[in-house]
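This report goes through a single protein model, from its sheet to its cores and a few single residues. The sequence and structure come first.

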Amino acid sequence: METTASETSIASVILEVADPESAHRFYTAFGVDEFVRLRASEAPSNGFRGFTLALTVAGPATVDHFVGAAVEAGATVLKPAAKSLWGYGGVVQAPDGTIWKIATSAKKDTGPPTRRIDDVVLLLGVEDVKASKEFYVGRGLTVARSFGGKYAEFASGGSGAVKLALYKRRGLAKDLGVPSDGTGSHRIVVGGTAGAFTDPDGFAWETEASATTWTGQ
């Protein structure tokens with residue numbers, strides 16, 4: 001039987017943080033708490049952790065809204081929101097160290113800012129995009145878009161689901177405005193429907209049913 005994108009997909013993104021309660025307050029204020037789960041961890045991690053979570057929104061005003069909400073909740077601006085060749089966007093780093101990119105392909109607003117998020121993408125920085133793409137295809141994910149050895153994006157599991165994409169690690173770090181060097185834990189675990197495994201770049205996946213996370217109790 002052929003495996004489809006709806007059968008193999010990201011069910012949850014688990015961020016490993018030193019203080020889950022504080023992180024929960026931040027992500028609630030930021031407006032993205034429905035897309036991440038939290039797990040307590042003191043695993044050593046230095047420098048770039050090799051990934052970002054990217055939000056796609058409707059227009060520049062909404063980008064500014066989310067950047068402002070993140071900063072007000074305690075985030076650090078890595079790249080101020082600005083126009084680019086591809087649209088408009090900015091990059092912030094959460095107090096727990098996770099880097100978030102908020103962007104839109106629109107360069108002008110067609111309405112007031114909203115809290116709507118059109119897409120959430122977990123973008124992994126990898127050493128070999130082609131090899132990692134084949135690895136994930138072998139795990140049952142379906143390629144939605146691919147640009148040679150530079151970028152690959154997989155089909156999501158449905159409306160509102162987090163998408164997975166791959167980008168060269170150095171290129172991703174440059175895009176985020178941080179050095180590419182980093183050691184230790186990625187501080188992220190992916191809860192999925194493809195079983196438990198670790199990919200070629202050390203990103204760990206767990207079966208969603210077995211993933212234990214902080215519940216606030």
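The text below covers the sheet, the helices, the nonpolar cores and selected residues.

The model is predicted: local features need pLDDT of at least 70, side-chain atom pairs count only at pLDDT 80 or more, and totals for chains, interfaces and linings use all residues. Residues are numbered from 1 along each chain as its sequence is written, and side-chain values use heavy atoms, with hydrogens and water left out.

**Sheet**

Helices (H or I, at least four residues) and strands (E, at least two) are DSSP runs, numbered from the N terminus. An open sheet of mixed pairing is built from eight strands in the order 5-6-7-4-8-11-10-9. Its edges are strand 5 (76-84) and strand 9 (143-147); each has a single partner strand, so one side of each is left without a neighbour in the sheet. On average, neighbouring strands of this sheet are turned by 15° against each other, direction ignored. Two strands count as paired if DSSP finds at least two bridges between them. Strand 4 pairs with strand 7 (residues 99-104) in the parallel sense, over four bridges, and Trp100 in strand 7 is the bridge partner of Leu53.

**Helices**

Contact here means heavy atoms within 4.5 Å. Axes are lines fitted to C-alpha atoms, for helices over the stretch in contact, and angles run from 0 to 180 degrees between N-to-C directions. Helix 2 (residues 60-73) lies across strands including strand 4 and strand 6 (87-93), and runs at about 10° to strand 6. Helix 3 (residues 129-138) packs on the sheet and touches strand 8, strand 9, strand 10 (151-154) and strand 11 (163-168); its direction makes about 155° with that of strand 11.

Helix 1 (residues 20-30) has the buried residues Pro20, Ala23, Phe26, Tyr27 and Phe30. They cover an arc of only 120° around the axis, which puts them on the same side of helix 1; the arc is that of the directions from the helix axis to the C-beta atoms. Among the elements covering these residues are strand 1 (10-17), strand 2 (36-40) and helix 2. Gly31 follows helix 1 and has a positive phi, near 100°.

**Selected buried residues**

Buried means under 20% relative accessible area, exposed over 50%, and partly exposed in between (1.4 Å probe, protein chains only).

| Residue | Location | Relative accessible area |
|---|---|---|
| Thr52 | strand 4 (residues 51-56) | 1% |
| Val121 | strand 8 (residues 119-126) | 10% |
| Arg187 | loop between strand 12 (182-184) and strand 13 (188-192) | 9% |

The side chain of Thr52 reaches the backbone oxygen of Ile99 at 2.8 Å. Not counting residues up to four places away in sequence, Thr52 touches residues including Trp100, Val121 and Leu172. With the same exclusion, Val121 touches Thr52, Leu53, Ala54, Val162, Lys163 and Ala165. Arg187 has a positive phi of about 60°, although it is not a glycine.

**Cores**

A nonpolar core is a set of buried Ala, Val, Leu, Ile, Met, Phe, Trp, Tyr and Cys residues joined through side-chain atoms within 4.5 Å. The largest such core has 45 residues, and those with the most contacts inside it are Leu15, Tyr27, Phe30, Trp100 and Leu122. A second, separate core of twelve residues includes Ile99, Leu123, Tyr151 and Ala173. Leu15 touches Tyr27, Leu53 and Arg187, among other residues, not counting those up to four places away in sequence.

Definitions and conventions. Polar contact = N/O pair within 3.5 Å; in protein donor to acceptor, adjacent residues only side chain to side chain.
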